[in-house]
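Dear colleague,

I am handing over the structure below, followed by notes on what was found in it. Please read the notes alongside the coordinates.

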Amino acid sequence: MKRALLSCVLTIFTMAVSGQAATDFPKLNWLEGSWKKMNTKPGRSGHEKWESITPSSMKGIGVTLQGKDTVFWEKLELVVKEDAIYYVADVPGNKAPTWFKITSIGNNGFTCENDDHDFPKKIVYEKEDRKMKVTISGNGKSVGFLFEKG
């Protein structure tokens, strides 16, 4: 009897946590659309584009150009998996996509972390009006990117 009760409690707790991730996911909808990078080096440009795929997933792409040539790109994804929301970055040169667990989420931003990754270990997205700041950090180093909704 105790075992059955414990199993029910654990199942309800797991459903509540998963439900919370699904409930929080709409807080990320502000990210949808095109964001032009504002703080690039001379001769360079960049952007991030995000689109909703399902009520609990978004796909994005980040691109940096030198003139018309692509010098960096990454596939991005926000997805609910099991009991959490993850930011997934797929960068050429890495053997597999890197998963960052969202550890904090609000209506105007989120923080995600992966302490096992070399760099970055932490990614913070913050939105104010039509501007967005993305900060990547780890190992005593921090880099900020400024975007404007395009």
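The chain has 1 helix and 10 strands, where helices (H or I, at least four residues) and strands (E, at least two) are DSSP runs numbered from the N terminus, and read from that end the elements follow the order α-β-β-β-β-β-β-β-β-β-β. This is a predicted model, in which local features need pLDDT of at least 70 and side-chain atom pairs count only at pLDDT 80 or more, while totals for chains, interfaces and linings use all residues. Residues are numbered from 1 along each chain as its sequence is written, and side-chain values use heavy atoms, with hydrogens and water left out.

As for strand pairing, which requires that DSSP find at least two bridges between two strands, strand E1 (residues 33-37) pairs with strand E2 (residues 44-54) in the antiparallel sense over 4 bridges, and within that pair Ser34 stands opposite Lys49 in E2. The hairpin of E1 and E2 has 6 residues between the strands, and in it Gly43 takes a positive phi near 85°. E1 also runs antiparallel to strand E10 (residues 141-149), to which 3 bridges join it, and here Lys37 stands opposite Phe147 in E10.

Turning to the chain totals, 33% of the 150 residues count as buried, that is, under 20% relative accessible area with a 1.4 Å probe, protein chains only. The accessible surface, from the Shrake-Rupley method with a 1.4 Å probe, comes to about 9400 Å², of which 55% belongs to carbon and sulfur atoms. Among contacts (heavy atoms within 4.5 Å) between residues at least 6 apart in sequence, 31% join residues at least 24 apart.

Best regards

Technical notes:
Buried < 20%, exposed > 50% of the residue type's maximum accessible area, 1.4 Å probe, protein only.
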